[in-house]
Amino acid sequence: MAHQKHLLQKWFPHTSTPFIANAPMFGFADSHLATAVTKAGGLGFIGGGFDFAKESDQLTKLDDQLSKARAELGAIAPNKLSIGVGFITFKPTGFVENVIPLIQSHRLAAVWLSFPEFDADHLPLIEGIRQAREKSNWDVKIFVQTGTVAAAMEAVKQGADVVVVQGSDAGGHQWAQGASLISLVPEVRDSLVEAGVASHTAILAAGGIVDGRGCVAALGLVPSDDILLKIGADGVVMGTRFVAATECPAPSLIKQAILSGSDGATSTVKSIRHDVFQSTDVFPRQYDGRAVIGISYDESKSGASDEEIIQRYKDAIKNGDDYRRTVWAGASIGGIKEELSASDLIKGVQQEVKSVVNRLKSI
């Protein structure tokens, strides 16, 4: 199992231990945040979007973001761009033709796929990436976000290098019928071992991790006499915590809502309503999202119609007000107390991990 501990560091040698990545939050995870995460010893991700048409404005902006990232990070790994891009894949048309050549030209280190309408939809995308990788000696790893054991094993079968196991405490979009990391990660790990693929497949835990304590819990979700050798996840992903990073371009209102939040069990809720209220209800029905309970959600519970709330949202946006905007946030929102730079955030979590592990050794 010692090999598993170092798998991600072998693939991404600039990273430090434990391995930390930011979630590729579309609109919030830009080149500024991604490069800051990578510079700090993590693996930074940009949110690449969901529109893969040749004339897509999202792809044009992504190309520009990747050029900026290369200018920032060229010295870290001259032959590749040491960040990744995450794509929302429920409408995959155009991905192979338009996305793969773009990300290949920038020599990305990682590609992250999430939210297919059907699990099988990822197969041609993964095959296309793998073919491009082999033909051009492109050292890229494929990440697939999953929310069930079955989805995780399907991703591995299709050729994923990294399975991102997302628990139900996560902020933002996720599986409507899911489970917490404490049950998902051990079963995914056991399934990888039983399938004989654990030696070359990594697991990242995502969902509700905001500090070193959560990181240790995710890394240790397999019974063991030595927490440093027999681990659950190989690293972690943090989303909500990085929204409150100084490099994240999220509006101040959203950052303040996260920093002032507490008791995520009552202050956040999983629901498709968060998307309905702001006319972004485009995800397949097997997905919903966790967000802060805001004024629109409260009005809905009090009997206001969707039409009324949608109009109020549009009016607020027209007037330049963000107060009705959905604040996607995880259930561990209460553990986020201050805005930190990506560097201080990552170093702080890693230092806390070492402290917690040392205490556990004495038990």
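Where is the place of Tyr-323? In this predicted model, in which local features need pLDDT of at least 70, side-chain atom pairs count only at pLDDT 80 or more, and totals for chains, interfaces and linings use all residues, Tyr-323 lies in the loop between helix 14 (306–318) and helix 15 (342–361). Residues are numbered from 1 along each chain as its sequence is written, and side-chain values use heavy atoms, with hydrogens and water left out. Helices (H or I, at least four residues) and strands (E, at least two) are DSSP runs numbered from the N terminus.

Tyr-323 counts as partly exposed because its relative accessibility is 45%; buried denotes under 20% relative accessible area, exposed over 50%, and partly exposed the range in between (1.4 Å probe, protein chains only).

The axes of helix 3 (residues 57–73) and helix 4 (residues 95–105) come within 11 Å and cross at roughly 10 degrees, axes being lines fitted to C-alpha atoms, for helices over the stretch in contact, with angles from 0 to 180 degrees between N-to-C directions. The two helices are therefore roughly parallel to each other, a term applied to angles under 35 degrees. Leu-59, Leu-62 and Asp-63 of helix 3 meet Asn-98, Val-99 and Leu-102 of helix 4, where contact means heavy atoms within 4.5 Å.

Arg-133, in helix 5 (residues 122–136), counts as buried, at 15% relative accessibility. Within helix 6 (residues 149–158), the residues Val-149, Ala-151, Ala-152, Ala-155, Val-156 and Gln-158 are buried; their cover includes helix 5, strand 5 (141–146), strand 6 (162–166) and helix 7 (181–195).

Terms used. Angles under 35 degrees count as roughly parallel, over 145 as roughly antiparallel, 65 to 115 as roughly perpendicular and the rest as oblique.
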